[in-house]
Amino acid sequence: MELKREEMQMRLLTDEMDEDAAHRRISDIESSAAIPLDADTLDRLKEAAFAKLGIGVPESGQDADDERVPTRPIGDVPAGRRSFSRRKRRIAAALAILVALFLAVSIASGSPEVRAQLRKAFQFLPGFAVVGDTEETGTQYVLREPIHLAFNGGELEIRGFRAGDRVAVAELSGTTPTMIDGFILRNEKGEMYPFESQRSWSARDWTGIFYYRGELALTGRMEILIEGLKGPVPLRLEEADRSDRVEDFGITDVRQGVSVTAVTQEMTDGRTKVSLLPQLPKEVHVESYGMYPWDRHPPRMTNESNDAVALSQDSLFPHPNEMYYRRTDSGPGGYTLTVPEMILSRPPAGTDQISVPVPKAGASMQVNRTFDLQGFPVTIRQVRRLSVHPGDANVKDLLEVDVDVHYDPGAAESLLMVFPAEGDMKFDESTGALQHLYLPVPEKEKTVSMKIERLQTVIRGPWVFRLE
Amino acid sequence: MEESDNRWAERLRSGEPAALAALIDAYGANVYSLIGRVLQGCGNKEDIEECASDVFVSVWHRIREYDASRGSLKTWLLIIAKYRALDCRRSIIREARIAPIDWRTEPVASEDTERSVLRKAEMDEVWGMVDRLPTLDRTIFYRAYFYYESQETIARDLGLTRKAVENRLRRIRRLLKARLYSEREEGLSWS
């Protein structure tokens with residue numbers, strides 16, 4: 001039976017809980033039993049696990065010290081896997097992500113009180129400065145440079161730290177086999193502040209935001225205590241620069257009405273860090289400045305001789321708006337950073353919705369109807385109803401929707417993608433613009449209405465910064 | 001149970017491979033089944049086995065984190081399995097190159113710390129609401145949505161009818177939905 005959308009939303013909501021919280025909150029919830037695995041699968045599982053550990057599989061047979069009996073079979077079969085087609089799998093995956101994104105937006109608009117309190121506390125520029133409209137009245141302190149530590153067979157990086165009069169936030173990343181779930185900040189008087197975490201991770205690496213809500217008694221010498229790390233880590237915080245205008249911190253260029261300020265910071269390893277700080281409506285944010293491998297028009301850095309200078313980012317979880325370069329010996333002149341374009345994410349307007357007709361099974365239908373999404377025209381050219389598994393009533397048909405987002409390579413801002421609440425999509429690999437949507441066909445409905453959850457556009461500059 | 005879990009954990013801590021093999025014998029099916037449910041629709045049998053073996057490798061390395069006073073070894077193991085399965089699901093989706101939607105599945109450091117912390121605080125409120133549910137409802141909620149168990153399985157295991165489980169879940173969803181809906185500002189709907 002297909003999972004209802006609300007059920008899926010709840011699963012994805014629960015997936016958002018971080019692992020520490022799960023251990024804290026649900027360690028008393030026993031799950032149902034499962035039917036035993038067949039001997040071959042169990043053997044493969046053991047062989048794979050022990051091979052990864054680099055030790056041999058112990059002799060088979062009942063472990064003498066194990067008093068347990070195998071779990072009882074009550075029929076919670078791992079559901080003899082459904083024979084999804086590749087496309088169907090993609091739809092399921094895409095649907096899951098879209099719902100997750102939707103939930104992220106929905107949940108993030110939660111408690112006004114909490115939001116207001118925290119928003120006031122966080123209007124700052126990570127790493128170096130505070131802009132004037134923060135309501136934190138006290139002096140702000142920041143960590144100017146990341147701290148790198150060898151830890152637990154990997155690397156731990158304290159990437160940023162900022163303390164104000166209401167909240168303190170640290171960002172840590174690691175390549176360690178296990179993530180840390182918190183740390184203690186200790187001041188000179190021996191007062192200790194526990195930091196909680198919110199983390200995400202990939203196959204090998206993790207990153208986390210750690211925070212303490214409340215005022216810290218900051219002293220000249222501070223230390224961070226991390227379980228498993230030998231000795232405290234000295235933490236030197238400096239008073240943040242402060243200004244009413246972000247432009248005061250660097251070089252600003254304005255294109256298409258979008259102001260971007262580039263701020264440079266010398267690192268002790270000889271690199272120079274550039275942070276790009278755009279000024280956009282609060283609800284719009286920059287997804288990319290062109291530094292992702294799939295971006296089509298990456299930023300360029302040149303020296304005074306117009307030679308290319310390599311730009312790099314942090315190897316672990318790079319901030320999209322931060323990049324590094326090394327000054328060359330070619331001359332004392334300045335450097336020029338050119339950002340050709342930015343990818344923006346825009347939230348939906350209340351009326352962002354597209355309706356398409358549903359043709360009969362196997363049929364197609366010309367539509368040629370244009371919708372206006374926040375000033376961007378989107379034309380539905382044609383719809384086709386595809387049978388994924390003909391004859392299988394449990395698998396819904398798909399609606400293939402030909403979409404024209406009127407991508408214009410010369411426009412100041414051009415629509416790339418629209419993200420409906422569910423479905424799969426294909427895009428033109430040369431431009432990144434949406435071409436087709438694939439939607440499940442609802443039973444007995446003659447039209448499908450798609451609520452648009454997000455728009456993605458490309459906005460073109462170039463923004464040019466002449467840096468010292 | 002706590003005593004035997006403690007002994008088992010102790011053997012794992014002392015690096016006894018036989019203890020790990022016994023753990024796989026005892027709970028391999030639970031781990032496999034849970035991962036299968038999480039990867040349903042995007043992973044295959046090989047993905048499940050690969051992920052399940054990773055779980056036991058993690059357990060071997062992380063056994064010092066296990067605290068028997070907080071819950072059973074099995075539950076601790078299954079929580080690790082759930083997160084490993086989510087990790088696997090992200091990787092599979094990424095490899096499927098359903099760009100650009102899956103860009104968001106890549107853990108990328110945000111340039112907006114505020115957003116992250118806001119979200120953490122608000123999610124804490126949601127989990128606080130779930131924690132305040134009656135014990136049975138809370139159990140049903142987490143079994144259905146954390147462990148991805150079917151309503152039929154939950155009903156059978158708890159001695160309820162499937163309809164009773166369905167009704168309780170609907171009530172919980174309504175409760176959370178009402179709370180979230182009443183607090184939103186930006187005109188987004190739940191469904």
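1. In chain A, five strands form an open sheet in the order β22-β23-β24-β27-β26, with antiparallel pairing; strands are DSSP runs of E of at least two residues, helices runs of H or I of at least four, numbered from the N terminus, and two strands pair if DSSP finds at least two bridges between them. The edge strands of chain A are β22 and β26 (424-427), each of which pairs on one side only. Direction ignored, neighbouring strands of this sheet are turned by 25° against each other on average.

2. The model is predicted: local features need pLDDT of at least 70, side-chain atom pairs count only at pLDDT 80 or more, and totals for chains, interfaces and linings use all residues. Residues are numbered from 1 along each chain as its sequence is written, chains are lettered from A and ligands numbered from 1 in the order in which they are written, and side-chain values use heavy atoms, with hydrogens and water left out.

3. Asp402(A) is placed opposite His436(A) of β27(A).

4. Strand β22 (residues 364-373) of chain A holds Asn368(A). This residue, which is not a glycine, has a positive phi near 50°. Its relative accessible area of 46% makes Asn368(A) partly exposed; the class lies between buried, under 20% relative accessible area, and exposed, over 50% (1.4 Å probe, protein chains only).

5. Strand β15 (residues 258-266) and strand β16 (residues 271-279) of chain A run antiparallel and are joined by eight bridges. Gln265(A) has Lys273(A) in β16(A) as its bridge partner.

6. Two backbone points deserve a check. Most residues other than glycine have a negative phi, and most peptide bonds are trans. Gln256(A), in the loop between β14 and β15 of chain A, has a positive phi of about 55°, and its relative accessibility of 42% classes Gln256(A) as partly exposed. The peptide bond from Gly461(A) to Pro462(A) is cis, with omega near 5°; Pro462(A) belongs to strand β28 (residues 447-467) of chain A.

7. Arg186(A) is part of strand β7 (residues 183-186) of chain A and, at 26% relative accessibility, counts as partly exposed. Neighbours within four places in sequence left aside, Arg186(A) is in contact with Glu191(A), Met192(A), Arg221(A), Met222(A), Glu223(A), Leu225(A) and Pro232(A), contact meaning heavy atoms within 4.5 Å. From C-alpha to C-alpha, Arg186(A) and Leu235(A) are 9.5 Å apart in space, with a separation of 49 residues in sequence.

8. Between the chains, helix α3 (residues 39-53) of chain A packs with helix α2 (residues 17-39) of chain B at an angle of about 130°, the axes being 10 Å apart; axes are lines fitted to C-alpha atoms, for helices over the stretch in contact, and angles run from 0 to 180 degrees between N-to-C directions. The two helices, α3(A) and α2(B), are therefore oblique to each other, a class for angles that are not under 35 degrees (roughly parallel), over 145 (roughly antiparallel) or 65 to 115 (roughly perpendicular).
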